[in-house]
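Open your viewer and get ready to select. We will go stop by stop.

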Amino acid sequence: MSEKKYHFIGVGGAGMSVVAQLFAARGWELTGSDQNESDNLKKLRDLGVECWVGTRPQLITPDMTIVYSSAIRPSNPEFAAGKAAGCKFMHRSQALALAAADRKFVAVAGAHGKTTTSGMLAQTLSQLGADPSFAVGGIVRHYQTGAHLGKGEYFIAEADESDGSFLNYRPQVAIITNIEPDHLDNYGSAEKFAEAFFDFSNCIKPGGTLIVCTDDPGCHQLVQRREAMPANSAAPGMRILGYGGEKPSLHLDEFCLIKPLVEDTTSVSANFTVAGKTTAVRLPMPGQHNLLNAAAVFLGAQVAGFSAPEIAQALGDFEGTARRFETKGEVGGIRVIDDYAHHPTEVEALMHQAREAAGGGRVLVLFQPHLYSRTRNFAPRFARALDLADQVVVCDIFRAREDPIAGVTSQLITEEMQRGSYLGDRDEAARMLANAAEPGDLILTVGAGDVTVAGGLILEVLTQRFAQ
């Protein structure tokens with residue numbers, strides 16, 4: 001057991017719990033607390049970690065290092081007790097970097113797509129025998145966990161841009177899926193958001209590799225800016241690899257050209273061409289956007305030393321990550337699917353994917369906006385994306401780390417919609433859609449908050465309806 005003691009405040013969160021699991025796997029002594037009981041707390045207890053619900057400032061001792069996320073405020077009783085006791089403090093990103101200290105760090109960043117991409121890379125390298133460690137902000141279905149301490153040399157992690165903490169990493173390989181403006185409550189402008197990603201690219205170790213989606217305007221501009229830099233500036237010797245549907249006029253060390261082939265309700269396939277060699281790739285899931293994620297993994301696994309054919313075979317076995325078009329059940333010919341989409345671009349891609357999966361049936365959506373600031377900044381874009389469905393009910397905003405903003409409600413979205421209605425109570429909204437659905441329809445629960453639990457309620461109502 002380590003001589004050091006760590007206490008995780010908010011240990012039940014998706015990001016915090018995976019770091020705590022990694023600490024436990026290393027045999028380090030830790031405790032944790034959270035506001036609510038959760039499966040993550042139960043999982044940590046199964047690993048021998050003492051976790052409690054609520055705050056117990058009396059248990060904070062001077063020999064502890066307090067691990068916290070940006071969601072924890074100084075007024076938190078345990079945080080305040082740590083300050084009073086003279087404890088050391090460590091941000092979650094610093095704790096993750098500590099857990100990965102002796103491995104080749106692969107950081108996956110982007111406004112969206114990073115959970116799927118990091119999970120896909122983790123499973124692919126695992127299938128190829130590399131046994132990587134990983135910390136993913138979602139459940140990798142192959143492992144049934146978001147954290148794993150492997151014996152291999154690679155450590156794969158989501159790099160959280162929301163608060164700028166991804167600048168604490170020094171990756172050997174960095175993947176940027178896109179640089180679409182988000183978290184403007186923290187950054188203030190799209191320009192400052194993009195600047196943070198440029199700074200992140202400067203964090204790559206000398207001789208490291210940057211992999212970017214050049215179809216994305218933000219990534220394209222980042223590469224252009226790097227091309228204009230002196231050769232001996234930050235991140236010297238960096239290799240830049242790109243991927244996308246069109247080869248850009250950029251100076252790249254390598255490029256993966258994606259040519260989509262076939263998409264149906266269960267899969268999508270494409271030809272990936274790198275250095276003149278073409279490889280057919282099939283993913284066992286629909287969605288053109290997943291081809292972009294797969295191309296990033298295709299390049300990342302080649303950097304790790306694997307060949308194109310074996311990578312393609314491993315990609316064909318990807319089982320997905322939880323809350324990414326995850327089927328919760330089916331009753332009476334009505335499927336219920338849950339998805340984490342919480343940015344307008346993600347929601348739009350999800351609507352197209354759902355339309356393909358529904359075939360001739362309707363797409364019904366229960367959407368829970370995440371954060372007041374995101375709702376305020378992107379309400380018209382959310383409205384346009386959600387209007388791609390047949391019927392949408394928008395419930396109250398999931399506040400997460402924010403205080404309410406005057407005048408900002410979910411109705412900012414529904415007022416811009418043609419097919420949307422507002423019903424604040426999440427459970428009432430779930431019952432409404434369950435009663436409106438007919439055989440052949442697909443019901444989606446969508447958002448980064450607790451809307452995921454509504455899937456179970458929808459299935460209960462459907463079961464009662466069709467049992468009569």
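Two strands count as paired if DSSP finds at least two bridges between them. Helices (H or I, at least four residues) and strands (E, at least two) are DSSP runs, numbered from the N terminus. This is a predicted model, in which local features need pLDDT of at least 70 and side-chain atom pairs count only at pLDDT 80 or more, while totals for chains, interfaces and linings use all residues. Residues are numbered from 1 along each chain as its sequence is written, and side-chain values use heavy atoms, with hydrogens and water left out.

**Stop 1: the sheet.** Select residues 268-274, which are strand 14. Now pick Phe272: Thr279 in strand 15 stands opposite.

Zoom out to the open sheet, whose ten strands run in the order 8-7-9-6-10-11-12-13-14-15 with mixed pairing. From one strand to the next, the twist averages 20 degrees. (Axes are lines fitted to C-alpha atoms, for helices over the stretch in contact; angles run from 0 to 180 degrees between N-to-C directions.)

**Stop 2: helix 1.** Select residues 14-25. These twelve residues reach 17 Å from first C-alpha to last, close to the 16 Å expected (1.5 Å times one less than the number of residues). Buried residues here include Met16, Val19 and Phe23. Buried means under 20% relative accessible area, exposed over 50%, partly exposed in between (1.4 Å probe, protein chains only). Just after the helix, Gly27 has a positive phi of about 80 degrees.

**Stop 3: the core.** A nonpolar core is a set of buried Ala, Val, Leu, Ile, Met, Phe, Trp, Tyr and Cys residues joined through side-chain atoms within 4.5 Å. The largest one has 50 residues; Phe8 and Phe23 are among those with the most contacts inside it. Helix 1 gives the largest share, six residues. Another core, of 44 residues, lies apart from it and includes Phe306.

**Stop 4: an annotated site.** An unreviewed UniProt entry places a "binding site" at positions including Gly113 and Thr116. (Positions use the numbering here, feature names are shortened, and annotations may be inferred rather than shown by experiment.) Buried or partly exposed: which is Gly113? Gly113 is partly exposed, because its relative accessible area is 22%. Thr116, in helix 5, is buried at 11%.

Terms used: UniProt positions are given in the numbering used here, feature names are shortened, and annotations may be inferred rather than shown by experiment.
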